[in-house]
Amino acid sequence: MRLEQLEYLIEIAKQNSMSTASEQLHLAPQTLSISMKNLEKEMGFPIFERTSKGATMTEQGRLVLQFALKTVTEYHNIIAQCAPQSASFMQRDMQGTLTIYANPIFSTTWLPYYTRMFLNQYPNVKLSIFSGTTPQVCSRVYQTASEQQEKDVLGLTALPYFENSLITDYIPSNHSLFLKAFGTGQYYCCVSRTSPLAKHQILSLKKLLEYPIIIYSASESNETPLMYLLQKYNDNLNVALTVSAIPFWAQAVQDNLGIGFINNAVLSENSYLKEHIDKLVLIKVKEPLISINGFLYSSVPSTLMQAFMDLWPAYRPAKNEPQFESVYIPLYR
């Protein structure tokens, strides 16, 4: 059980609608639904009764709601007592709208957690969050910031990393962007439990790419960091299926329609998709399949942008991860 799940439950009860609550929480309806199903699974009883007309709270659910109200209230009380007064004043005083364009991988993992944290600290700030592929995120960040003269625009994306450099040749041309890295992502191969590959703990891409691939992509094109990395090793990939939802992707892998690759961000405790991945077998890849995760912006970060980025962990690479002289990386085409 996580605090944000309790806050989500309170918002659903307040709005008396999951769809309305998802809008207020800046979450995709699917993300909110999966979060509540995970909570029900952990509790061991249904919190909602789901029908064709929607979801209503069960008797057990109302008891959980009472617990949520008490717990969340106590949490905010202790924060208010312990937080410095100067910081509290600044947080109450901060206003404006922060627009974020994000890869779906972050929308289903860390972004809901940090969104909740940010809005709790800065209640007068509004967030607008949109999903897209890396090229779409780069293009929107650049165009929105330049055309509308809007400073408070951030991208949240993953860039493929190959042979000690970032692959930026699929970023739209004539864009000058900066990346603030906050971490790396490692791709693992996923297969069904009945696959002949399931007995292996580590395999080479040469062996893995003998099998059809199921790709998870947010658009009709396969412009994903993973595809660019895989094409560096094999430019004749056998893509059997492309889907736009990870649950469908996981089910296709489970049905032995092909193999898949997943960024380890989805394996984090903040991921609402982990239950789908847990049904599959993970295989480590011998070759480095690495993405650099970070924030994109096209000008000096505003106070609002910096406040959001400061909530995220600092970039502290491990010995086997890329080392940068600065976490602020210029991206030019």
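User: At 33% relative accessibility, what does Ala-55 count as?
Analyst: The model is predicted: local features need pLDDT of at least 70, side-chain atom pairs count only at pLDDT 80 or more, and totals for chains, interfaces and linings use all residues. Residues are numbered from 1 along each chain as its sequence is written, and side-chain values use heavy atoms, without hydrogens and water. The classes are buried (under 20% relative accessible area), exposed (over 50%) and partly exposed in between, with a 1.4 Å probe and protein chains only. Since its relative accessibility is 33%, Ala-55 counts as partly exposed.

User: Which residues does Ala-55 touch, not counting those up to four places away in sequence?
Analyst: Ala-55 lies in strand S2; strands (E, at least two residues) and helices (H or I, at least four) are DSSP runs numbered from the N terminus. Ala-55 and Met-18 are 37 residues apart in sequence, with a C-alpha to C-alpha separation of 7.5 Å. With contact meaning heavy atoms within 4.5 Å, Ala-55 touches Met-18, Phe-48, Glu-49 and Arg-50.

User: Which backbone nitrogen does the side chain of Thr-58 reach, and at what distance?
Analyst: Thr-58 sits in the loop between strand S2 (54–57) and helix H4 (59–82), and it counts as buried because its relative accessibility is 12%. Leaving aside neighbours within four places in sequence, Thr-58 is in contact with Pro-46, Ile-47, Phe-48 and Glu-49. Its side chain reaches the backbone nitrogen of Gly-61 at 3.0 Å.

User: At what angle do helices H1 and H7 pack?
Analyst: Axes are lines fitted to C-alpha atoms, for helices over the stretch in contact, and angles run from 0 to 180 degrees between N-to-C directions. The axes of H1 (residues 3–15) and H7 (residues 110–121) are 10 Å apart, and the packing angle is about 70 degrees.

User: How is H1 oriented relative to H7?
Analyst: Angles under 35 degrees count as roughly parallel, over 145 as roughly antiparallel, 65 to 115 as roughly perpendicular and the rest as oblique. The angle here is about 70 degrees. Therefore H1 relative to H7 is roughly perpendicular.

User: How do the residues of the contact of H1 with H7 divide into nonpolar, polar and charged?
Analyst: H1 contributes Leu-3, Glu-4, Glu-7 and Tyr-8, while H7 contributes Pro-112, Tyr-113, Arg-116 and Asn-120. Ala, Val, Leu, Ile, Met, Phe, Trp, Tyr, Cys and Pro count as nonpolar, Asp, Glu, Lys and Arg as charged, and the others, Gly among them, as polar. The division is 4 nonpolar, 1 polar and 3 charged.

User: What is the relative accessible area of Asn-164?
Analyst: Most residues other than glycine have a negative phi. Glu-163, in the loop between strand S5 (153–162) and strand S6 (165–166), has a positive phi of about 50 degrees and is exposed at 63%. Asn-164 is also placed in the loop between S5 and S6, with a positive phi near 65 degrees. Asn-164 is exposed, its relative accessible area being 70%.

User: Which residues in helix H11 are buried?
Analyst: H11 spans residues 246–254 and is followed by Asn-256, whose phi is positive, near 65 degrees. The cover over its buried residues includes helix H3 (29–43), strand S7 (176–191) and helix H12 (274–277). The buried residues are Ile-246, Pro-247, Trp-249, Ala-250, Ala-252 and Val-253.

User: What percentage of the residues of the protein chain count as buried?
Analyst: The chain holds 13 helices and 14 strands. Among contacts with a separation of 6 or more, 79% join residues 24 or more positions apart. Of its 333 residues, the share that counts as buried is 50%.

Definitions and conventions: A polar contact is a pair of N or O atoms within 3.5 Å; within protein, one must be able to donate a hydrogen and the other to accept it, and residues adjacent in sequence count only if both atoms are side-chain atoms.
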